[in-house]
Amino acid sequence: MLAALVCQFLKNTDHTLSSSRSPLPYTSVACVCVCVCVSSECVLQCVPLQSPIGELQLSGCEKGVHSITITTDTPKHSAVSCADSDVQVELQKCVSWLQSYFSSAQSVTSLPSPAIHNPMLETDTFSACVLRTLQDQVPAGQTVSYKKLAKMAGNERAVRAVGGAMRRNPVPLLIPCHRVLCSSGAIGGFMGGKGADIKLWLLQHEGWKP
């Protein structure tokens with residue numbers, strides 16, 4: 001995919017937001033990007049969030065979320081916080097979904113999933129099929145092996161391809177690649193091998209027990 005990104009930082013202001021648990025710091029960095037996405041041009045907004053697993057970087061447009069990046073070397077907080085102003089509607093829906101998820105993972109089972117607008121998921125490739133299957137059929141509190149997910153997506157021999165799809169997942173948490181485990185029961189990799197502790201935290205947050 002060829003993408004042209006032109007970012008203009010509009011503001012960089014420190015805020016302190018209050019939550020039901022404790023005040024949480026938030027650095028507002030509004031980033032407007034022009035991105036060639038499939039056959040349409042998207043104007044992206046980038047929003048940083050504080051969360052229990054570190055800072056999350058969300059990017060999206062008026063059609064949905066393009067990506068979520070988990071930053072491992074940032075402070076962790078007890079809840080998700082984000083400024084309400086200047087956030088696009090679909091990104092704000094994603095922020096609300098994440099706030100519910102980190103408060104209670106089971107609460108999101110009754111919520112509509114935030115819209116996702118990423119070129120990878122708008123194709124008919126096996127990777128896209130794997131990611132959509134995972135999102136639709138493996139809810140919070142459940143796990144699936146790479147082998148079983150390959151079978152669910154229509155090709156039980158494509159276990160390695162499932163692993164590749166997990167590594168390229170553009171929207172972790174919304175598409176829960178952390179719920180995919182090894183057939184042996186080992187939790188397997190996450191975030192290119194850097195996020196095993198985050199994967200374990202997410203699984204335990206959802207009620208998983210080895």
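## A threonine in a helix, and what surrounds it

T133 has a relative accessibility of 8% and therefore counts as buried, where buried means under 20% relative accessible area, exposed over 50% and partly exposed in between (1.4 Å probe, protein chains only). This is a predicted model, in which local features need pLDDT of at least 70 and side-chain atom pairs count only at pLDDT 80 or more, while totals for chains, interfaces and linings use all residues. Residues are numbered from 1 along each chain as its sequence is written, and side-chain values use heavy atoms, with hydrogens and water left out.

T133 sits in helix α2, residues 126-137; helices (H or I, at least four residues) and strands (E, at least two) are DSSP runs, numbered from the N terminus. The T133 side chain reaches the backbone oxygen of C129 at 2.8 Å. Setting aside neighbours within four places in sequence, T133 is in contact with V138, L149, M152 and A153, contact meaning heavy atoms within 4.5 Å.

Q137 also belongs to helix α2. With a relative accessibility of 46%, Q137 counts as partly exposed. Beyond neighbours within four places in sequence, Q137 is in contact with Q142 and M152. Q137 and M152 are 15 residues apart in sequence, and their C-alpha atoms are 9.0 Å apart in space.

How do α2 and α4 pack? Two packed helices are described by the angle between their axes and the distance between the axes. For α2 and helix α4 (residues 159-167), the angle is about 75° and the axes are 9 Å apart. Axes here are lines fitted to C-alpha atoms, for helices over the stretch in contact, and angles run from 0 to 180 degrees between N-to-C directions. The two helices, α2 and α4, are therefore roughly perpendicular to each other; angles under 35 degrees count as roughly parallel, over 145 as roughly antiparallel, 65 to 115 as roughly perpendicular and the rest as oblique. On the α2 side, the contact is made by F126, S127, V130, L131 and L134, and on the α4 side by A161, V162, A165 and M166.

L173 is buried, with a relative accessible area of 2%. Apart from neighbours within four places in sequence, L173 is in contact with I53, L56, W97, L98, F102 and L202. The C-alpha atoms of L173 and I70 are separated by 9.6 Å, although these residues are 103 residues apart along the chain.

How many disulfides does a search of the whole structure find? The search finds 0, a disulfide being a pair of cysteine sulfur atoms within 2.5 Å.

| Cysteine | Relative accessible area | Closest cysteine sulfur |
|---|---|---|
| C42 | 3% | C61, 3.9 Å |
| C61 | 2% | C42, 3.9 Å |

The sulfur of C42 is too far from that of C61 for a bond, because 3.9 Å separates them.

## The chain as a whole

The chain has 5 helices and 7 strands, in the order β-β-β-β-β-α-α-β-α-α-β-α along the sequence. Of its 210 residues, 47% count as buried. Among contacts in the chain with a separation of 6 or more, 56% come from residues 24 or more positions apart. The chain exposes about 10600 Å², and carbon and sulfur atoms supply 52% of that area; accessible areas come from the Shrake-Rupley method with a 1.4 Å probe, and for residues only the protein chains shown count as cover.

Definitions and conventions. A polar contact is a pair of N or O atoms within 3.5 Å; within protein, one must be able to donate a hydrogen and the other to accept it, and residues adjacent in sequence count only if both atoms are side-chain atoms.
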